[in-house]
Amino acid sequence: MHNVRLKNNIVNSQFDRISRLTEDSNFFKTECEVLKDRFINRGYPVDMIDEVFNKVTSQRDNIDNINVSGNECKKDYSLTCMLNNSVDEKSIRQIVNKNWKFLTNFLDIHKVIGKVPVFVTRGGKN
């Protein structure tokens with residue numbers, strides 16, 4: 001049998017996982033209800049599950065509505081381009097940046113990939 005702290009961490013990590021993997025609020029709530037039922041069926045305390053759920057939901061709401069100069073705004077989701085660290089990296093960034101407006105004008109794709117490109121560079125294999 002798991003101790004209370006371990007159970008709390010398990011519940012917390014699973015609700016955090018759902019929050020990270022879901023963008024739609026309704027789908028998030030549905031998945032959380034399924035997860036709550038699973039934990040209850042496995043004997044986890046209902047008050048602990050509700051407390052963790054409320055904490056994760058509150059954190060999610062705070063992230064979704066970022067206050068900038070007194071104005072509320074939504075997160076800007078964008079596609080992240082992962083590049084290997086190479087001599088061509090700078091050229092690739094320039095090409096993508098130069099042609100980004102053409103990519104985002106195509107069938108409202110800007111709603112999916114974002115307003116500006118985001119690049120991440122990873123190192124080579126050691």
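Buried means under 20% relative accessible area, exposed means over 50%, and partly exposed is what falls in between, with a 1.4 Å probe and protein chains only. I started my notes with that cut-off because Lys36 is buried, with a relative accessible area of 12%.

**Entry 1: ground rules**

This is a predicted model, where local features need pLDDT of at least 70 and side-chain atom pairs count only at pLDDT 80 or more, while totals for chains, interfaces and linings use all residues. Residues are numbered from 1 along each chain as its sequence is written, and side-chain values use heavy atoms, with hydrogens and water left out.

**Entry 2: the overall layout**

I looked up the secondary structure and found five helices and four strands. Helices (H or I, at least four residues) and strands (E, at least two) are DSSP runs, numbered from the N terminus. From that end, the order of elements is α-α-α-β-β-β-α-α-β.

Of the 126 residues, 25% count as buried. I also checked contacts, meaning heavy atoms within 4.5 Å. Among those between residues at least 6 apart in sequence, 58% join residues at least 24 apart.

**Entry 3: Lys36 and its partners**

Back to Lys36, which is found in helix H2. What does Lys36 touch, not counting residues up to four places away in sequence? I noted Phe15, Ile49, Asp50 and Phe53.

Next I went through the salt bridges, where a side-chain nitrogen of Lys or Arg is within 4 Å of a carboxyl oxygen of Asp or Glu. Side chains of opposite charge can pair when their charged atoms come close. The structure holds three salt bridges.

Lys36 meets Glu33 in one of them, at 3.7 Å, N to O. Both residues lie in helix H2, three residues apart, about one turn of the helix. Glu33 is partly exposed, with a relative accessible area of 40%.

Lys36 also meets Asp50 in a salt bridge, at 3.5 Å, N to O. Asp50 is partly exposed, at 30% relative accessible area.

**Entry 4: the Arg93 pair**

Then I turned to Arg93 and Glu89, whose side chains meet in a salt bridge at 3.0 Å, N to O. Both lie in helix H4 (residues 89-105), four residues apart, about one turn of the helix. As for shared partners, salt bridges join Glu33, Lys36 and Asp50 into one network.

**Entry 5: nonpolar cores**

A nonpolar core is a set of buried Ala, Val, Leu, Ile, Met, Phe, Trp, Tyr and Cys residues joined through side-chain atoms within 4.5 Å. Which of the 13 residues in the largest nonpolar core touch the most other members? I listed Val11, Phe15, Cys32, Phe39, Tyr44 and Val52. H1, H2 and helix H3 (46-64) each supply at least two residues of this core, and H3 gives the most, with five residues.

I picked out Val52 and found that it touches Asn8, Val11, Asn12 and Phe15, leaving aside residues up to four places away in sequence. Apart from this core lies another, of five residues, among them Cys81, Leu83, Val96 and Trp100.

**Entry 6: the second largest pocket**

For pockets, the search uses a 1 Å grid over the protein atoms alone: a pocket is an open set of points where a 1.4 Å probe fits, with protein on both sides within 12 Å along at least five of seven lines, and lining residues have an atom within 4 Å of a point. Grid points are joined across faces, edges and corners, and a volume is the space filled by probe spheres set on the points.

The second largest pocket has a volume of about 160 Å³. I found its lining to include Gln14, Arg17, Phe27, Glu31 and Arg38. Helix H1 (4-21) and helix H2 (25-41) each supply at least two lining residues, and H2 gives the most, with five.

By class, the lining has five nonpolar, two polar and three charged residues. Here Ala, Val, Leu, Ile, Met, Phe, Trp, Tyr, Cys and Pro count as nonpolar, Asp, Glu, Lys and Arg as charged, and the others, Gly among them, as polar.

**Entry 7: Pro45**

Last, I looked up Pro45, in the loop between H2 and H3. Pro45 is partly exposed, with a relative accessible area of 32%. Its C-alpha atom and that of Lys7, 38 residues apart along the chain, are separated by 9.1 Å.
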